[in-house]
Amino acid sequence: MLINWFRFSSPVSFYPLAGSWSYALGALAALLAGAGLVVGLWIAPTDATQGDAYRIIFIHVPAAWMAMFIYLVMAGWSAATLGFNTRLSAMMAQALAPTGALMAAIALWTGAFWGRPTWGTYWAWDARMTSTLILLFLYLGVIALRSAIEDPRRADRACAVLAIVGAVNVPIIYFSVQWWNTLHQGSSISLTAAPRMAMTMLAGILVMTAAAWCYAISVVLARVQAIIVERERGAGWLESLIDWRVGDDR
Amino acid sequence: MADFFAMGGYAWYVWMAYGAVALALAVEIAAVRARRRRALDELRMSLDPVAAPRRMERVEESR
């Protein structure tokens, strides 16, 4: 098993790999989302107390998990950027921010439309909701900071510092329901306790989470390809991946 | 079928949540693909300013 993983740390060899993974995972995400929606919207039973309003869980929980996880991955790539000064790690961090922001926005939006019928309000300044809103602002801050700095390498370092500092917010979101007395309910799923919901509900959430993973990786890889081309223009190697044929326009 | 769309009286909440997510993901996918295509078009322009616009025209025609 002698694979030279460092080969893929250079944009040259990473670009075609990113393309094929993006397509494969995009297709897988569509399949999983289709299955997850069938389970979540049709097969899973109506909740005894929340009626069918609870079905928002199948997008709300996966989106909220992804928003937090993508932030940690972005902070990880940011740390690699500061530590090793590698270009691709900064590009990965740059590519993750918009999808992370979208996931945070989806978590807040679907949470609002779930909160209204169950708690009687679209929004409350509850610890979990407020810290998730801060997460969205951190993503938007990283994106805005990048667009404000002209030199991409300086922008990489500035965004990396902001992303790493902001990472303290993620455990705050995660533990907020335990630390404070929140309107938001506790964890839906625990690895240690017995499931408190129907198996089909749990299965729906897990399948939709897998779909969200595949979707996020797929779209981030496609975005990192665009970023590589934008930022490496002038590097001779890019010429080799250019296809001049018509009808093969990816 | 009407029962399904009624979502036990919670249609507004459930479909506003699911609809917005479907729209948001569709927009993100389209935006990322357009960004990648634009980056490649600009790269072709910088490599061959004569051939690149001709190719773009042919791509337009083939659509």
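Analyst: Helices (H or I, at least four residues) and strands (E, at least two) are DSSP runs, numbered from the N terminus. The expected span of a helix is 1.5 Å times one less than its number of residues. This is a predicted model, in which local features need pLDDT of at least 70, side-chain atom pairs count only at pLDDT 80 or more, and totals for chains, interfaces and linings use all residues. Residues are numbered from 1 along each chain as its sequence is written, while chains are lettered from A and ligands numbered from 1 in the order in which they are written.

User: How far does H3(A) reach from its first C-alpha to its last?

Analyst: H3(A) has 33 residues, for which 48 Å is expected at 1.5 Å a residue.

User: At which residue of H3(A) does a kink lie?

Analyst: The bend at a residue is the angle between axes fitted to the seven residues ending there and the seven starting there. In H3(A) a kink of about 30° lies shortly before the proline A:Pro98. Its position is A:Ala97.

User: How many residues of H3(A) are buried?

Analyst: A residue is buried if 20 or more other C-beta atoms lie within 10 Å of its own, exposed if 12 or fewer, and partly exposed in between, with C-beta atoms placed from the backbone. H3(A) is mostly covered, and of its 33 residues the buried number is 26.

User: Why does A:Leu37 count as partly exposed?

Analyst: A:Leu37 has its place in helix H1 (residues 11-43) of chain A. A:Leu37 counts as partly exposed because its C-beta neighbours inside 10 Å number 19.

User: Which helix supplies the largest share of the side of chain A that touches chain B?

Analyst: Two residues are in contact if their C-beta atoms, placed from the backbone, lie within 7 Å. The contact takes 30 residues from chain A and 30 residues from chain B. On the side of chain A, helix H3 (87-119) and helix H7 (199-231) each supply at least two residues. The largest share, eight residues, comes from H3(A).

User: Which element of chain B has the lowest mean pLDDT?

Analyst: pLDDT is the predictor's confidence in each residue, from 0 to 100. Chain B has a mean pLDDT of 91, and 100% of its residues reach 70 or more. Among its elements, helix H2 (residues 11-47) of chain B has the highest mean, 95, and the lowest, 85, belongs to helix H3 (residues 51-62) of chain B.
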